[in-house]
Each structure stands twice: as C-alpha cells, then as structure tokens.
Amino acid sequence: MRRTKLFSLALLAAAWLASGSAQAWDEPTKDANDVWQLGSVNDVEWFADYVEAGNTTANAVLTADIDYEGQTHTPIGQNQTNKFNGFFDGQHHHIKNLTMTGTNTGFFGFVRGGTTIQNIIFDSTCHFSADERCGSLIGFVQAKAGGVITLNNIVNFGSVTSGSKVAGGIVAAGHTNNDHPVINMANCVNAGLVKSTGGDKAAGLLGWNKSASISTLKACYNIGECTPLDGVNNLFRGTNRSMPNCYDLVNTTAQGKTGTQGLKTDWVTADPLHSGELCYVLNHGDMSTNGIPYKQDLSDPTSIPMPVTDGPLVYEVADYYCDGVTPKGSVAYSNTDASTKDAHDFNSTTGLCNNCSYPKEDWMSAEADGFFYLGTPAQVEWFSAMVRAGYGAMNAKLTADIDYQGVPDAHMPIGIDTQKYFGHFDGQGHRIKGMVLTTASKLVNRNND
C-alpha cells in the first residue's frame with residue numbers, strides 16, 4: 001500500500017512539472033481596471049508564466065522594488081509564440097540582484113509591436129548575459145504589425161554581455177528577417193557596461209533595429225562603456241533612426257574608434273554629467289510628452305540625471321539679457337533658480353523691445369469680437385511677435401493694405417516651427433505689397449508647416 005501511494009505521488013509531481021512550471025506561484029491581485037499589481041518576486045514570476053500561457057496583452061504595474069537575491073527570473077515573453085504585447089509600468093521601482101543568462105536575454109524576452117514599457121530602474125547589482133542578443137530591458141523585438149514599441153524612463157546600471165549577437169544597454173535587437181517594429185524611446189539611460197564577446201557589436205541604448213519607418217530616441221543618454229563599437233553607432237545601431245537631444249559622454253577613443261552619435265563638443269562645464277549641465281540640456285531639448293523631466297540633486301557630487309518623479313530640478317543660473325536666453329557672462333547650474341534678467345526696453349512706435357524684439361503684450365487690444373485689427377506693418381509685426389511669444393491662437397483682421405515696399409526682410413512670418421499659428425486671420429481682401437524675404441531664417445520660417 002505504501003509503495004502505491006508513493007508511486008501515485010511521483011506521478012502527480014511529474015505531471016505538475018510537465019505542465020510548464022518548476023514552481024507554483026501565487027496569483028497576485030488586480031485593480032478595477034484589470035491591471036495586475038506586482039509587488040514581489042512571486043508576483044512578477046506569476047505574471048511571466050501568465051503571459052507564457054497566452055495572455056500576451058495583459059497589463060501590470062510594479063508596486064514595490066523587486067529584489068531577486070537568491071531567486072531567478074523567467075523573461076516576460078519567453079518565445080516568439082507568446083511575445084509580450086501589453087502595458088507594463090514599473091512606477092520608478094528598482095529591480096535588484098537580478099542575474100540572467102540564456103538566449104535573447106532581458107527582463108522581457110520577446111516583445112511585439114504595440115507594447116508600452118516604462119518607469120523601470122535596473123540597479124548595478126543586476127547582470128545580464130546571453131549566448132546571443134542581450135539587453136537589460138528587452139532581448140528581442142518582433143512583429144511590426146502590432147504598431148510602435150514605446151519605452152519611457154528606463155534606466156540601466158547593470159552589466160549587459162552578449163556572445164555571438166548584439167548587446168544593447170536597454171534593448172538588444174530586432175528580428176533577423178528585418179520585420180522590425182518601430183521603437184520610440186524617451187528619457188532612457190544606460191550607465192552599465194555593454195559588451196559583445198563574439199563577432200557582433202555593442203551599443204549604449206539599442207543594439208540593432210531596422211524598421212521600415214523611423215524609430216526615434218529622445219532625451220536619452222549613455223555613460224556606460226560599450227565594447228566593441230562598429231565605428232560610429234555608439235548609441236543606436238541599425239537604420240531609419242532619429243536621435244534628437246541624445247548624448248554619449250563616454251570616451252571611445254581607447255578602442256581606436258570614435259562614436260559620432262550623441263557627441264556634443266560645446267559643453268560649458270568641465271563635467272556636464274555631475275555639474276547639472278546635462279540635466280538642464282536634456283530637459284530643454286527635444287523631449288517626448290511621455291518622458292518625465294530629469295531630476296538631479298546637485299548637493300550629491302555623484303548624482304546623475306534621472307527620469308523620475310521625485311527630486312529637484314536643475315536650473316541654469318546666469319545674468320541674462322532681456323530675452324531671458326542670452327547670458328551676459330558665465331553660467332552655472334543649481335537646484336535653485338537664482339537668475340536675473342534685464343527689463344525690456346519697449347518702443348512705443350512698434351510695441352517691440354528695442355533689444356530683443358519681444359512684444360509689449362498690451363500694446364494693442366482685441367476688439368469686442370475677439371479680433372485684433374491690423375492696419376500698418378508695425379501692427380502686423382507686433383502680432384507676429386506675439387505668436388512667436390506663445391499666443392498662437394490670436395485672431396486678426398486686416399483693415400488696410402500692408403506695404404513693405406523698399407524694406408527687405410521687414411516681415412517676420414507669423415508662426416515658426418516651435419510656435420505655430422492656429423488662430424483666425426482674415427485679410428478682408430486687402431493686399432500685401434513689396435514683401436521681400438531673403439534671409440535663410442525667414443525663408444525657413446515661411447516654409448515651415
């Protein structure tokens with residue numbers, strides 16, 4: 001009888017192991033919007049098994065830091081059949097003491113187009129390695145049909161090492177048949193070693209992607225050593241890419257190569273990473289609306305810019321001319337806004353500042369119908385300056401012909417790339433005469449849509 005019971009227990013154990021999991025994880029909770037709340041290793045591993053079971057579009061958030069000390073992690077999206085295709089928000093929590101090995105390795109293994117992952121920090125205690133394709137966040141992106149993969153506010157301090165294929169600090173690579181989805185990254189940071197030990201190369205943010213449409217990285221930076229480089233592609237290897245406001249602060253000349261992506265040669269401080277200059281530049285350049293402004297505590301000399309919700313902002317401190325942009329002398333960076341600015345010197349005839357052409361906002365007033373009535377070139381130019389100052393929804397009507405005869409470049413086009421015009425403008429049948437625009441800046445503004 002005892003042998004029969006033992007045999008039955010053995011059969012049950014074998015059947016459970018054959019079901020696909022080496023450990024039975026307890027199911028976490030969901031909120032009212034069916035978003036899984038993951039606050040422990042148990043919860044994350046249950047979610048990975050849940051995705052592997054075919055629930056690829058499941059959504060989840062981290063509710064606490066996840067410490068993998070003594071634990072292992074199964075990638076979320078383990079293969080090409082069950083690629084992760086949902087929404088995952090780390091809510092700025094840390095992944096700690098995670099060591100991963102395998103193939104197509106990353107916290108997420110396989111990810112499909114249409115996925116959004118954001119707000120995750122991998123500590124320096126994390127180590128990722130793979131036979132081929134390795135990234136801290138994602139090992140393999142596949143299937144462009146699902147749409148754009150969106151990655152926001154991802155920070156990696158861990159090491160990333162790949163063998164025969166590419167290594168990327170955040171994302172490893174797209175599918176080998178070039179069926180790559182567009183990947184848009186905003187406010188992502190790599191501060192860890194990225195290394196390929198085989199015949200392929202490494203990159204600080206994205207190891208390789210070749211989407212048919214343009215993938216865009218905005219306000220991202222790398223301070224981790226990447227080796228070996230392929231030459232110029234030190235941040236993003238592949239094709240069809242755009243990287244506005246992205247920076248690489250690593251000296252690559254020791255490898256005999258000079259990566260050209262993200263290089264900036266006009267830093268005003270000797271150490272832009274720790275002085276606050278990089279933080280300020282990132283926040284005042286091209287950013288995605290999904291990216292969180294970088295914070296940096298300058299009282300800590302080792303701090304770096306981090307895309308997190310808590311922490312102090314960085315200000316550029318200087319004595320400015322009245323335009324509020326041009327410093328009169330040297331600049332510094334601080335967590336306190338202590339700048340000064342000269343007062344405008346407005347011209348009563350034009351309504352514009354004699355020094356910087358900023359408009360005096362009350363120089364003209366709208367009529368009862370909400371329209372400004374413009375009858376002279378000076379009034380038109382004041383209106384244009386107001387649009388450039390951010391009042392793009394103003395409405396106007398011409399009350400007379402506007403004659404610029406004999407004065408080249410007298411007109412500044414209404415609406416520029418950064419401040420487009422979107423109001424109601426009625427010429428009421430009047431003519432614009434003698435307008436000649438010849439300078440490059442005005443031609444660009446005139447043709448900008």
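In which sense do β29 and strand β30 pair, and over how many bridges? The sense is parallel, and β29 and β30 share four bridges. This is a predicted model, where local features need pLDDT of at least 70, side-chain atom pairs count only at pLDDT 80 or more, and totals for chains, interfaces and linings use all residues. Residues are numbered from 1 along each chain as its sequence is written, and side-chain values use heavy atoms, with hydrogens and water left out.

**The sheet and its helix**

- β29, β30 and β32 line up in that order as an open sheet of three strands with parallel pairing (strands are DSSP E runs of at least two residues, helices H or I runs of at least four, both numbered from the N terminus; pairing takes at least two DSSP bridges between two strands).
- β29 (371–374) and β32 (425–426) are the edge strands, each pairing on one side only.
- Helix α5 (residues 377–388) packs on this sheet and touches β29, β30 and β32 (contact means heavy atoms within 4.5 Å).
- The direction of α5 makes about 145° with that of β29 (axes are lines fitted to C-alpha atoms, for helices over the stretch in contact, and angles run from 0 to 180 degrees between N-to-C directions).

- N187 sits in the loop between β16 (183–186) and β17 (189–190), with a positive phi near 55°.
- N187 counts as buried because its relative accessibility is 0% (buried is under 20% relative accessible area, exposed over 50%, partly exposed in between, with a 1.4 Å probe and protein chains only).
- N245, in the loop between β23 and β24 (247–248), has a positive phi near 60°.
- At 10% relative accessibility, N245 is buried too.
- T227 and P228 are joined by a cis peptide bond, with omega about -10°.
- P228 lies in the loop between β22 (226–227) and β23 (236–242).
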